[in-house]
Every structure is written in C-alpha cells, then in structure tokens.
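Thanks for asking me to look this one over. Here are my notes, as numbered points to read beside the model.

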Amino acid sequence: MFPISDNNPVRITPYVTYGLIGINIVVFLHQLSLGDSGLYSFFQHYALVPAQLTASLAGETIGQPVPEWLTLFTSQFLHGGWFHIGGNMLFLWIFGNNIEEELGHSRFLGFYLGCGALAALTQWFFTMESTVPSLGASGAIAGVMGAYVLRFPHAQIDTLVFLGFFITTFRVPARFYLGFWFFQQAISSVFSLSMNPNSGGVAYWAHAGGFVFGVMLGQLMGLFAPRRR
C-alpha cells in the first residue's frame, strides 16, 4: 500500500513544508553532481555515522568539518537515491501541511527537526558501533506521521494498492494506515537486532523512534491547541 493523498484540506499556505521539500531536492541535486568518491566523502562528513558519534561522545577528536552532533540534523537532508527521496517527499507532502497548520510555521519547523534528531539518536542507540552512514528525512517524517494519526485518526488516506497485475485505490482511515505502518517498522526494528549493524539497509529504529517521539512532541508543542486562522 502506498499513500497518494488525503482528504484533509488546509486553510494555510504550508511554507515550511514546501521549504523543507525544496531544500531536500536541492541537496539531492548537489549529491548527483559529486560522483562516487565525492558522494562517499559527503556522506561521511554530513550523514550520521553511529561509530563516529559514539567516539565523539567519548571525547575523541573526529576531524570532521562539522561537529558530530550536528549530523543529527544535516543527515535529515541527505538521501540515497531517487526512490528514497521521492517516497520521503511524497509522505511529507501528504502529512506535513496539516501538522504545520496545527502547530504554526515556526513550531512545526522545530517539531520536524526535533523529531528527526531524536529519530537519529534512536537509530544510533541500537547501532552504536556501526560505520554505515544513516541518512534521510524519514525519521523526521515519521514524527509528522505520529502527530498526524494522533490529531487526525479519522482522516481518509487515498492509498494505491497493487493486487498482482492490477492496481487500484482505496480510502483507508489514518489510524489504520499509519497504525499498520508503525507496526511494520516496530517489528522490523526488533528483527534488525539480530543483524550485523554494518550490513546497511533501512533504518527501522529511526522510523519507529521518530513516530513515537512525534506523538509525544506533538502533544507537548500544542497539537491540540485551538487552530489559528
């Protein structure tokens, strides 16, 4: 199942959501210009490398162009390929505008970046010695999704469904669609504990952690306060 839209219109122009999508696209286009060796160096410097953050917290000098803690934020704007950024930006486009309307522009930006950093820390906690760069906006977007299902559990999500050779769409309540998505990430996170942390793959702990922190931070930051019109 893949979301394509929701029936939850907003009355604002979601400038922050648009801006975040734009920044991610610009950074990705820059990545495409780097070549293989340049891209590897770029990821080593600006993605979150758990082993480097562990060493930095232990007092070691890493010699990176930015402090290692800052990669908790810079890593949110890096992506590993077209499908990676395309899927993330679609989810942000669908769910971000409603949460931006509820929180307001500035609080939504803080919420988004905070969820992304906490999601990255969750992934780091379970893979402290991994040398594989962790990157992508999915942890922050998972936080947005957590806030969305809390605030709009009955919103309908238009979902693309592949049934063998047939493709159709269904409307699914957000509480079911996003609840099932979180269940998948949580189960995959547990199974990933038995895998080699240097094998790479999807950062399931970032997804699950981002979702949970999105639920928590959303309430703390006024998700249920009266809307500003």
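Contact here means heavy atoms within 4.5 Å, and helices (H or I, at least four residues) and strands (E, at least two) are DSSP runs, numbered from the N terminus. This is a predicted model, where local features need pLDDT of at least 70, side-chain atom pairs count only at pLDDT 80 or more, and totals for chains, interfaces and linings use all residues. Residues are numbered from 1 along each chain as its sequence is written, and side-chain values use heavy atoms, with hydrogens and water left out.

1. I would begin with the helix pair. Ala142, Met145, Tyr148 and Val149 of α7 meet Ala174, Arg175, Leu178 and Trp181 of α8. By class, that contact has seven nonpolar, no polar and one charged residues (Ala, Val, Leu, Ile, Met, Phe, Trp, Tyr, Cys and Pro count as nonpolar, Asp, Glu, Lys and Arg as charged, and the others, Gly among them, as polar).

2. On geometry, α7 (residues 138–151) and α8 (residues 174–192) pack at about 145°, their axes 10 Å apart. Axes are lines fitted to C-alpha atoms, for helices over the stretch in contact, and angles run from 0 to 180 degrees between N-to-C directions.

3. Two residues of this pair return in the largest nonpolar core: of its 42 residues, Phe95, Ile99, Phe111, Tyr148 and Leu178 touch the most other members. Such a core is a set of buried (under 20% relative accessible area, 1.4 Å probe, protein chains only) Ala, Val, Leu, Ile, Met, Phe, Trp, Tyr and Cys residues joined through side-chain atoms within 4.5 Å. Elements giving two or more residues to this core include α5 (82–103), α6 (105–126), α7 and α8.

4. What does Tyr148 contact beyond its neighbours within four places in sequence? Its partners include Asp6, Asn8, Phe95, Ile99, Pro153, Ile157 and Leu178.

5. The sheet is open, with three strands in the order β1-β2-β3 and antiparallel pairing; two strands pair if DSSP finds at least two bridges between them. β1 (2–6) and β3 (166–173) are at the edges with a single partner strand each, so one side of each has no neighbour in the sheet. The twist averages 30° from one strand to the next.

6. β2 (residues 156–163) and β3 pair over eight bridges, with Thr159 opposite Phe170 and Leu160 opposite Thr169. β1 and β2 pair over four bridges, and Ser5 has Asp158 as its bridge partner in β2.

7. Do look at the β2 and β3 hairpin too: two residues lie between the strands, and Gly164 takes a positive phi near 65°. Finally, α8 lies across β1, β2 and β3, running at about 110° to β3.

Terms used
Buried < 20%, exposed > 50% of the residue type's maximum accessible area, 1.4 Å probe, protein only.
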